[in-house]
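Here are a few exercises to work through with the model on your screen. Try each task before you read its solution.

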Amino acid sequence: MASDKAERLLNLYIMLLAQTRFVSKQDIRRAHYADYPDTERGDEAFEKAFERDKDDLRELGVVIEVGSLDAFFDDEPGYRISTDTSALPEIRFEADEAAVLGIAARAWEQATLARRTTEAMRKLTAQGVEVDSARLDLVPPSLRAEEPAFDAFWDATQKRRVVTFDYKRPGEQPRKRRLQPWGVVRSSGRWYVVGHDVDRDAERVFRLSRVQGRVSGVGKAGAYDVPPGTDVSAIAANLAPRTPDVEATVLVRQRAGVGLRRRASRVEEDVAGPDEESGWDRLVITGPGSDLAGEVLTYGASVVVEAPEELRADVLARLQAILEQEGVTR
Amino acid sequence: MNAAPHDSDRPVVHAAREQVARLLALVPYLHSRGEVRLVDAAAALGVDPEQLDRDLRVLFMCGLPGGFPDDLINVDLDALEGERIIRVDNADYLARPVSFAPSEAAALVVALRALAQSAAPETRDVVRRTLAKFEAAGQTAAAERVHVETAPEPGSELVPSLQQAIDHGHQLELDYHVASRDEHSTRVVEPRALTRVGDATYLDAWCHTAGGDRVFRLDRILRATELDTPVSEQASRTRELGSGWFADEGSATTVTVRLAPPAHWVTEYYPVTETRPGPSGSLDVDLEVASEAWLRQLLFRVAPHARVVAPREFAESFTASAREAVRLYTGPGVR
């Protein structure tokens with residue numbers, strides 16, 4: 001079964017590649033789809049199979065050109081594949097660059113894209129690139145996507161195809177959304193999709209982890225254009241608006257608070273601390289104002305803020321609020 | 001509520017398309033080499049040899065339309081079955097591999113960009129050079145629709161020096177932070193290799209202090225000094241680092257936490273096993289907690305928007321640490 005279809009796909013590819021002129025659908029049908037009877041249902045089945053096969057070839061990277069067979073009658077489309085657009089451009093890599101490729105090829109942990117990378121690397125090998133994964137001092141970054149909706153949005157983004165999905169904010173009922181996806185973005189460990197919300201007629205960003213159930217493609221590929229000048233990464237940058245950096249002085253118990261120590265700009269050791277249970281060090285750290293309080297808080301009773309006063313007051317207020325809601329009298 | 005399995009989770013099988021993809025890489029690979037042993041071609045292309053054998057039998061049936069024997073691609077089946085050698089003729093029009101599909105180019109370029117962000121300055125140049133070649137070949141357009149922000153991984157600056165010690169076969173002295181106790185210790189280890197598991201990079205080593213095999217997360221290594229002492233045979237024993245490598249120390253406890261709206265994001269960030277609506281817009285979520293220290297850090301980070309509903313002891317110990325922290329600010333002799 002599979003090999004019949006594989007044979008047909010490869011033969012179709014070769015037929016269209018060998019031609020300089022456009023090939024008519026009739027000739028294609030006669031050569032590769034002769035099994036489909038000349039009836040209305042047979043016609044329909046042929047059209048379907050032909051569409052699917054063209055899609056399969058496109059997935060492989062083939063560009064199928066559609067043109068007119070006859071300059072005077074443009075009602076009969078013809079097809080061809082040209083080496084100019086469908087052959088891999090010659091790229092020569094130095095040995096260290098090939099090693100980099102070998103490392104980058106291991107970065108994707110998401111299954112579909114791991115496979116896509118493998119396919120890309122196989123084409124480079126076919127072109128003569130010797131991928132020597134001999135060690136460079138490089139550890140591949142880990143590109144992950146735990147969100148089940150990732151595949152569908154990636155695919156729709158690449159094909160420029162409208163999608164619909166149910167979107168649920170915490171504490172709300174899910175709502176159906178229609179989106180022209182412009183791009184996918186990973187920021188702070190989560191994936192987002194950026195695009196044009198068709199019903200709201202506005203640019204929107206959706207968090208993939210809030211997408212419920214199935215993402216369905218609607219209509220054809222290439223159905224819209226991404227507005228020129230759209231900078232997906234700039235939209236991504238707005239996702240996590242950073243408040244201006246604040247410089248803070250904190251006291252940290254000795255042998256604790258490693259995360260803060262790692263990025264301290266100044267350390268003063270063995271200073272007077274709020275208790276005698278351990279020695280204390282004074283650290284100067286810098287970070288976005290909105291995050292700093294949360295970060296300091298995670299260290300509980302191992303870190304005390306000295307300055308600035310707002311940060312100190314904020315951290316203390318949040319600690320006291322824990323006790324108040326537990327009904328603890330101080 | 002657990003996410004129900006989605007239809008889209010089911011892997012879609014495109015056996016025919018994948019077979020054609022392999023063949024369209026195999027023929028150009030052979031073209032520049034004449035004849036190749038089946039096992040060598042399989043290894044180079046990352047394909048199982050038996051699969052490659054089956055693929056070749058499909059190739060044998062393909063060729064130019066016309067139906068004459070000369071039109072077909074010639075696969076030397078005797079050589080394939082006998083000496084396990086691949087010889088293919090009459091396929092010159094397949095001499096060049098197919099261009100990258102947009103998704104393929106995007107996947108590779110995004111990976112290279114992430115690598116450029118995370119690489120140490122010494123190696124960043126070669127990554128940039130590689131990327132520039134993709135750009136020059138017009139292969140980066142599809143990647144414009146994808147943006148991955150990878151903050152430089154804490155500890156990645158240690159990779160060159162750790163790798164150097166491994167290459168030299170020298171022992172290392174580490175200042176290492178034990179997260180569950182928020183403490184650090186100094187130890188001497190015999191390094192074996194750097195490995196990535198999940199989203200972190202680890203040094204696999206034999207630890208003299210612990211007297212056993214240990215893995216060290218790079219972002220928790222505060223300092224690493226290469227010693228002159230060569231490693232012993234302990235370091236040369238290779239270890240199979242499978243997924244069972246990090247078997248959980250101790251069992252997990254189910255903890256119910258009540259999240260006020262500002263802390264609802266926790267449900268999207270951490271694996272919660274159950275979610276129920278709580279009073280006044282809050283959510284009650286169940287978390288499997290292996291380390292109480294980890295839970296305490298989370299509760300402090302979102303304070304005061306999360307509290308432990310059950311078990312009681314966890315709630316009490318969290319309140320006790322909050323009280324202790326408040327005392328640091330309000331006690332005598334402060335500042």
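The exercises go from whole chains to single residues.

This is a predicted model, where local features need pLDDT of at least 70, side-chain atom pairs count only at pLDDT 80 or more, and totals for chains, interfaces and linings use all residues. Residues are numbered from 1 along each chain as its sequence is written, while chains are lettered from A and ligands numbered from 1 in the order in which they are written.

**Exercise 1. Describe where the two chains touch.**

Count first: 100 residues of chain A are in contact with 101 residues of chain B. (Contact means that C-beta atoms, placed from the backbone, lie within 7 Å.) Next, find the top contributor on the chain A side: helix α1 (residues 2-18), with twelve residues. Then sort that side by class, which gives 53 nonpolar, 26 polar and 21 charged residues. Nonpolar covers Ala, Val, Leu, Ile, Met, Phe, Trp, Tyr, Cys and Pro, charged covers Asp, Glu, Lys and Arg, and the others, Gly among them, are polar.

Last, look at the strands. Strand β5 (residues 175-187) of chain A and strand β5 (residues 146-148) of chain B run parallel, joined by three bridges; pairing takes at least two bridges found by DSSP. In this pair, Arg186(A) stands opposite Val148(B).

**Exercise 2. Work out how α2 and α3 of chain B pack.**

Take the angle: α2 (residues 38-45) and α3 (residues 49-59) pack at about 105 degrees, their axes 9 Å apart. So α2(B) is roughly perpendicular to α3(B), a label for angles of 65 to 115 degrees. Then list the contact: Leu38(B), Val39(B), Ala41(B) and Ala42(B) meet Pro49(B), Leu52(B) and Asp53(B).

**Exercise 3. Is Arg200(A) buried or exposed?**

Locate Arg200(A) in the loop between β6 (190-197) and β7 (202-207) of chain A. Arg200(A) has 11 other C-beta atoms within 10 Å, so it is exposed.

Conventions:
Contact = placed C-beta atoms within 7 Å. Helix = DSSP H or I, 4+ residues; strand = E, 2+ residues; numbered from the N terminus. Buried ≥ 20, exposed ≤ 12 C-beta atoms within 10 Å, placed from the backbone. Axes fitted to C-alpha atoms, helices over the stretch in contact; angles between N-to-C directions. Parallel < 35°, antiparallel > 145°, perpendicular 65-115°, else oblique.
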